[in-house]
Amino acid sequence: MIISIVGGGATGITILRHLAELAASGRDNGAISGIQLFDKSGFDGGVAYRTQSDRHLLNMKASTMSIRPGDAQEFLRWLRARGLSCHGDKHLPRMVYRDYLDAVRLAAIAQCRSAGVPVHAEQAEIVRMRLSPDRDVLLTTDRNITHISSVLILCTGHNAPDDHYGLAAIPNYIRDPYAQFAFADRDGVEVGILGSGLSAVDTAAALAKTHQSVRMTCFSRSGLFPTVQPVTLPATADDFRDALHRYVASRERIEADAFAARLSGLLLETTGIRCDLSCRNVGGDALADLEHNIGRAESGEPGVYSYLVSVIDVMCDAWSRMRDVEKMRFMDVYNSGWLRNRSAMPLENAIRIRDLMRSGRLSARARLRNVTGIGGRFRAILGDGDRHDVDYVIDATGPSYRLDSSPLYQDMQRQGLIAFDALGGIRCGYDDGRVHDRHGTAHPNVYAVGGRGRHQPAPRPGAPLSLAAGTSLARIIGRSG
């Protein structure tokens with residue numbers, strides 16, 4: 001069989017690596033006859049890793065970034081082999097990880113070819129998909145070339161942020177927070193950063209290095225930055241995890257409000273730590289909150305991040321038990337708070353942000369309600385009636401969950417081959433990643449891997465794919481061979 005992978009970022013390269021190892025070991029029983037890999041941006045690392053700024057750090061420690069399941073040391077070994085040895089707790093620049101992905105991709109292609117499996121890797125966007133009468137997958141590129149395969153694996157990854165305020169037509173609106181900013185660096189220029197999460201932290205850290213005169217303001221609903229990762233993850237007792245697991249396991253259906261309240265209540269009862277996932281604390285002092293979180297991280301004591309890390313699987317179980325209306329409620333009210341506390345920033349970045357705020361170069365404003373263009377500038381309108389004008393706007397609200405702007409997904413939706421999910425992404429099996437058509441029937445040979453094709457909350461930005469969270473390749477080969 002010929003297997004096609006659409007998307008050449010971290011997820012697509014992980015899939016390619018596993019296919020290469022299956023073929024080289026003979027565990028596929030000769031089922032894989034060819035692999036086709038397509039990437040519209042030319043295997044440049046995608047949204048997460050194409051950046052050229054050394055201030056854009058991985059949000060995960062180097063010791064957790066191997067894409068080989070069961071071999072957590074591979075990325076560290078790769079670094080050492082290139083004279084880039086570092087401690088496993090360090091957060092490296094994202095562009096270093098792109099080089100690692102390139103090395104894995106090239107090695108996997110060479111391994112396939114040594115095993116007699118041809119690999120076709122092409123910089124092209126897949127814009128159409130058809131199923132032949134024999135259920136082969138026909139993929140057409142933006143060059144109008146059609147490729148035939150037996151199995152399709154969608155690894156399309158992150159999308160650009162949504163244009164929440166309709167600013168795309170305004171010249172000084174910058175949709176890509178990881179772009180190289182070309183505007184002038186001079187006194188009196190003020191830049192508005194939409195969001196205060198991890199993407200906003202990356203943006204502020206990089207902009208502060210390249211533009212040392214401009215002032216920056218982060219606008220968001222909460223006005224608070226993410227929590228801070230400790231240098232080493234401290235040990236935590238299992239009381240909180242066990243209690244939350246019992247709560248979820250005892251209920252056939254989970255309600256968003258009740259789950260968020262129970263999580264916060266159990267965390268306070270078992271650890272003494274307060275955590276409000278609703279981010280209602282919009283009147284909080286961003287600098288004071290950041291300094292508190294830095295102090296907690298430097299102390300080595302477990303904080304809210306340490307405990308939420310331990311319940312990721314419980315969270316996914318709870319999500320699978322929510323009806324759509326409850327999932328929508330969670331995304332609207334609690335997801336920002338979940339991400340703020342769960343997706344903590346590296347301590348190095350936290351210190352940079354703190355120093356920028358102390359110097360007055362960076363501020364944070366809460367209760368963002370709207371942003372409009374006015375006289376060549378932008379006006380941020382806040383919930384307390386205040387207004388704040390800026391010269392440039394950088395959209396750092398995080399990747400979009402929506403896929404309906406993609407020509408491929410539009411084409412598949414028109415044919416009824418997929419169904420867009422109300423929360424973003426496409427409908428697919430929670431356990432096996434098989435894509436569902438408009439009637440809810442699972443395709444036997446079409447899979448989606450990664451958080452964006454998944455009916456569950458957003459994963460950590462920058463997290464490599466684990467096959468336990470995606471598709472079993474052995475299962476794919478078994479069904480389609």
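**Questions on a predicted model**

Q: In which helix is the place of Asp289?
A: This is a predicted model, in which local features need pLDDT of at least 70, side-chain atom pairs count only at pLDDT 80 or more, and totals for chains, interfaces and linings use all residues. Residues are numbered from 1 along each chain as its sequence is written, and side-chain values use heavy atoms, with hydrogens and water left out. Helices (H or I, at least four residues) and strands (E, at least two) are DSSP runs, numbered from the N terminus. Asp289 has its place in residues 286-299, helix H8.

Q: Is Asp289 buried or exposed?
A: Buried means under 20% relative accessible area, exposed over 50%, and partly exposed in between (1.4 Å probe, protein chains only). The relative accessible area of Asp289 is 19%, so Asp289 is buried.

Q: With which side chain does the side chain of Asp289 make a polar contact?
A: A polar contact is a pair of N or O atoms within 3.5 Å; within protein, one must be able to donate a hydrogen and the other to accept it, and residues adjacent in sequence count only if both atoms are side-chain atoms. Contact in general means heavy atoms within 4.5 Å. Leaving aside neighbours within four places in sequence, Asp289 is in contact with Leu224, Phe225 and Arg340. The polar contact, at 3.2 Å, is with the side chain of Arg340.

Q: Which backbone oxygen does the side chain of Thr227 reach?
A: Thr227 lies in the loop between strand E10 (215-219) and helix H6 (239-249). Thr227 counts as buried because its relative accessibility is 4%. Not counting residues up to four places away in sequence, Thr227 touches Asn293, Val304, Tyr305, Arg340, Asn341, Ala344 and Met345. At 3.1 Å, its side chain reaches the backbone oxygen of Asn341.

Q: Which residue in E6 stands opposite Thr140?
A: An open sheet of 3 strands has the order E4-E5-E6, with antiparallel pairing. Its edge strands, each pairing on one side only, are strand E4 (126-131) and strand E6 (146-149). Strand E5 (residues 137-141) is joined to E6 by 4 bridges. Opposite Thr140 stands Thr146.

Q: What radius of gyration does the protein have?
A: The radius of gyration is taken over C-alpha atoms, and the globule rule is 2.2 Å times the number of residues to the power 0.38. For 481 residues, a compact globule would have a value near 23 Å. The protein agrees with this, having a radius of gyration of 23 Å.

Note on methods
Pairing = 2+ DSSP bridges.
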